[in-house]
Amino acid sequence: MRYLLISLSLVYVTCTSDISTDQNSFVEIVEVYQTERDLNDNVDTPAIWDNPNGETWLLATAKETDRILVYDASTGETIDRFGEEGNEAGQLDRPNAISVIDNFAFIVERDNKRVQVFTLPGFESLGYFGQEYMIKPYGITIIPFDSTKYRIFVTDNYETLDEQVPPISELDKRVHEFSVSLINNELSSDYRKAFGDTTSAGALRTVESIMADPVYNRLLIADEDSVQNHIKVYSLDGRFTGTIIGEGRFRFEPEGIALYQCPDNQGYWITTDQDPEFNTFFVFDRETLSYIGGMQNERTTNTDGIVVHQKSFTNFPNGGFFPIHNDGNISAFRWDSIASGLQLDICTL
């Protein structure tokens, strides 16, 4: 697969039009279901996988119990709880992020300081990478070159000895880039580089969520620092572009980021304002990054990760939106109900 990488100028741009924190300005959305709730899991990040047998799986990381939770995405019913604590192949320690591509699950283990790759549906470990370079990895995004080779970006929220944000001059390794090959289920990886801006405007002070859009040569990286609370846009070669999304709009931490893709390189960015009481999902235009609108659900709060699925499957004829609810489970929403409320396009893949 080939991508056209567009050079972005280093002009400081802030996308903050029509900033409002008025709760009445948001569209209320209604969930189809919520999965079984267990706060002991400390659920963080969801992912979707289309099983070749016709099932659609909803997966999620459970940080405290060192498991990957597997649900039927159509109904929310539990299928499996995979994993055990440890640092051997097949074991997990504080799995934070998960990204599924083709028939592989890439899982970021914060406390093992690595990314482990599993086959689906059997969860056979193919090995891991990154432990020589990362200190406190959190988020992951993947760009496929083809069905066997991938470009991987992982955020690294390393801290000082007293668990504070390092000085700006030391934030130059906030994101790590790897090249990964999976040919005949044999894992090989090459470390490409680490990057992070060290100016006041572009520094990544507290990082977790990251999402790539190769069409526009962009990496959207959430900065959860209490002073920042916005999303910075980097180029795929690791340069801060000068663009900031949502400055002044996020009242809490910007958490999950998901890309909804439409024809002609159009679509939407969905982001999370992680509010423990009035959790809000902001929608921005994919191309211009301008603000479109927000949505809320009173039963879905304090969201970490989110994922969108653009394929039609049972109970979700136009795909769905799946955010984490308050560390314990996952909510499910039909995309057509979201599209109707915010007057968005339906682009089923």
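Let me start with a term: pLDDT is the predictor's confidence in each residue, on a scale from 0 to 100. Where pLDDT is low, the predicted coordinates should not be read in detail. For the protein as a whole, the mean pLDDT is 93, and 93% of the residues reach 70 or more.

Now, friends, on to the disulfide. The structure holds one, formed by Cys262 and Cys347, with the sulfur atoms 2.0 Å apart. The link of Cys262 and Cys347 is right-handed, with 95° about the S-S bond. What does the pair tie together? Cys262 sits in strand β20 (residues 253-262) and Cys347 in the segment after α1 (335-342), so the bond joins parts that are 85 residues apart in sequence. Are these two cysteines buried or exposed? Both Cys262 and Cys347 are buried.

Let's turn to the nonpolar cores. The largest one has 19 residues, and those touching the most other members are Ile270, Met295, Phe321, Trp335, Ile338 and Leu344. Which elements give two or more residues to this core? They are β20, β21 (266-274), β22 (280-285), β24 (306-309) and α1. Helix α1 provides the largest share, four residues. To zoom in on one member, Leu344 touches Tyr268, Val283, Ile292, Trp335, Ile338 and Ala339, leaving aside residues up to four places away in sequence. There is also a second, separate core of 18 residues, with Phe104, Val117, Met134 and Ile140 among them. As general background, nonpolar side chains in soluble globular proteins tend to be buried together.

Last stop: a sheet. Four strands make an open sheet in the order β8-β9-β10-β11, with antiparallel pairing. Which strands are at the edges? Those are β8 (95-101) and β11 (125-129), each pairing on one side only. On average, neighbouring strands of this sheet are turned by 20° against each other, direction ignored.

Key: Residues numbered from 1 in each chain as written. Predicted model: local features only at pLDDT ≥ 70, side-chain atom pairs only at ≥ 80, totals over all residues. Heavy atoms only, no water. Disulfide = S-S within 2.5 Å. Buried < 20%, exposed > 50% of the residue type's maximum accessible area, 1.4 Å probe, protein only. Core = buried A, V, L, I, M, F, W, Y, C linked by side-chain atoms within 4.5 Å. Contact = heavy atoms within 4.5 Å. Pairing = 2+ DSSP bridges. Axes fitted to C-alpha atoms, helices over the stretch in contact; angles between N-to-C directions.
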